[in-house]
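Student: I am about to look at a structure that is new to me, and I would like to understand the terms used for it. Could you take me through them slowly?

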Amino acid sequence: QSQRALELVREASQRLEVSCWIARWNLPSPGPSTIVDEDSASHRRTGRTGLALGVFAALTIAADGLLLKLAFASGASAAVAVIYKYAASSSTMVLFLAGAHMRDRLVPNGKGQVPFLPMPSWLGAKYILVSAVLNVFLEMCYALGFFFTTSANVLAFASLAPVWAALMSWPALKTIPPRRTLVACVFALAGSVVIGLGFGLGGPTDASQTETYRTYRALGLSFAVCTGISAAAGLTLIQKASIRAPETNMLIAHGLGSALAGAAGFALLTSPIFHPLGTPLYPGLAATGYLVACGVVCSALGISALTLACRFIPATEVSLLLQIEGILGPLSTFLALGEVPSVYTLGGGALVIFVVAVHEALAFLEEMRASRLPLQENSAAVRDSLGELPGLLLV
């Protein structure tokens with residue numbers, strides 16, 4: 001009994017000491033069976049990392065449409081824009097991945113550490129290949145959508161990605177998204193519908209231009225819808241790969257997809273819709289600068305951050321963060337090019353931004369409540385240990 005009493009005294013003093021440090025320095029609360037719950041602290045760190053990467057990706061990708069529009073206004077055709085943009089993106093990814101590979105070879109990894117660019121397994125290679133193909137569809141549809149229609153229209157349908165991602169996560173990941181995410185997806189869909197209500201407004205009054213206008217609008221609608229679906233599929237596939245083949249670096253898939261998209265751009269040169277006759281292959285210094293910046297910053301860095309974010313937070317939450325693009329994209333093109341967004345775009349975009357803000361606020365509050373729960377359990381365990389001491393000492 002005396003041995004048991006000593007153990008309880010030691011355990012209670014440790015818990016009280018740790019609780020004092022938690023109260024003083026606001027440290028992560030320990031769990032009921034350990035002094036410090038490393039898993040809980042690690043979960044919060046990865047959540048903050050994923051949120052930071054997602055916000056960075058949203059801001060850089062929001063500038064993508066503006067740079068493309070500026071390149072088109074400077075004389076670049078759709079085919080030339082695809083070639084230049086994804087040539088710059090794939091070159092940046094090659095340099096980045098080559099540097100990561102050299103770092104893995106020159107800097108030895110510690111015990112239990114995984115190299116940044118390990119050799120993928122057969123399963124990982126399959127995920128890389130499928131993801132690269134999805135990246136081709138995503139990148140092509142996204143770039144061409146801005147050529148055939150307005151930024152607001154492209155981003156309206158691209159913002160449906162969280163809805164598709166939530167639906168795909170059930171069969172693909174065998175996980176049910178949180179209720180707050182599903183509710184947010186519904187409101188995000190409503191905001192996208194509001195933006196899309198203005199899709200068919202306007203048009204030329206000349207009957208000879210009506211057919212061309214309808215063709216461009218149909219192509220713009222098709223590319224915009226495919227952008228949202230392929231983005232959701234790509235995000236879900238990345239997260240599934242992180243579960244089934246966690247050693248696989250999916251940034252390889254992004255680099256390969258960008259290279260394939262750039263190669264596909266040469267096929268577009270044969271179509272007068274994507275590359276009108278007489279349009280030069282070199283669009284000029286200004287357009288080239290816009291496209292290179294678009295490929296390096298928005299595609300290589302932005303999509304890389306998006307890919308890494310999916311390893312830390314769910315694909316549905318990453319897709320919701322990208323809804324910021326739905327209002328920043330049209331706003332930037334309005335300020336730079338005078339592309340006036342409709343009342344539907346302003347109303348729907350405001351709804352989407354509000355939904356994102358509320359969703360992330362609820363996630364933060366849920367995380368704070370979860371961090372306080374272990375401390376409450378720890379305090380109860382201390383009281384139980386101290387309450388058991390008098391009886392043992394009397395015996």
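Student: What is the accessible surface of the protein, and which share of it belongs to carbon and sulfur atoms?

Tutor: The accessible surface comes to about 19700 Å², and 70% of it belongs to carbon and sulfur atoms; such areas come from the Shrake-Rupley method with a 1.4 Å probe, and for residues only the protein chains shown count as cover. This is a predicted model, in which local features need pLDDT of at least 70, side-chain atom pairs count only at pLDDT 80 or more, and totals for chains, interfaces and linings use all residues. Residues are numbered from 1 along each chain as its sequence is written, and side-chain values use heavy atoms, with hydrogens and water left out.

Student: What makes up the secondary structure?

Tutor: There are 13 helices and 0 strands, where helices (H or I, at least four residues) and strands (E, at least two) are DSSP runs, numbered from the N terminus.

Student: Why is the pair of Phe72 and Phe147 called edge-to-face?

Tutor: Rings of Phe, Tyr and Trp (its six-membered ring) pair if their centres lie within 6.5 Å, and planes under 30 degrees apart count as stacked, over 60 as edge-to-face and the rest as tilted. The centres of Phe72 and Phe147 are 5.0 Å apart and their planes stand at 75 degrees, so the pair is edge-to-face. Because Phe72 lies in helix α2 (residues 38-73) and Phe147 in helix α4 (residues 122-148), the pair ties together parts that are 75 residues apart in sequence. Ring pairs also link Phe72, Phe147, Phe148, Tyr216, Phe223 and Phe274 into a cluster.

Student: Why is Phe72 called buried?

Tutor: Buried means under 20% relative accessible area, exposed over 50%, and partly exposed in between (1.4 Å probe, protein chains only). Phe72 has a relative accessible area of 16%, and therefore counts as buried.

Student: What makes a set of residues a nonpolar core, and which members of the largest one touch the most others?

Tutor: A nonpolar core is a set of buried Ala, Val, Leu, Ile, Met, Phe, Trp, Tyr and Cys residues joined through side-chain atoms within 4.5 Å. The largest has 46 residues, of which Leu144, Phe274 and Leu306 touch the most other members, and its largest share, 10 residues, comes from α2.

Student: How do you know that Asp64 and Lys85 form a salt bridge?

Tutor: A salt bridge is a side-chain nitrogen of Lys or Arg within 4 Å of a carboxyl oxygen of Asp or Glu. In Asp64 and Lys85 the closest N and O atoms are 2.9 Å apart, so the pair meets that rule. Asp64 lies in helix α2 and Lys85 in helix α3 (residues 78-106), so the pair ties together parts that are 21 residues apart in sequence. Asp64 is buried at a relative accessible area of 4%, and Lys85 counts as buried at 0%.

Student: How many salt bridges does this rule give?

Tutor: The count comes to 2, and Lys69 and Glu339 also meet in a salt bridge, at 3.5 Å from N to O. This pair links distant parts of the chain, with Lys69 in helix α2 and Glu339 in the loop between α12 (325-337) and α13 (343-394), 270 residues apart.
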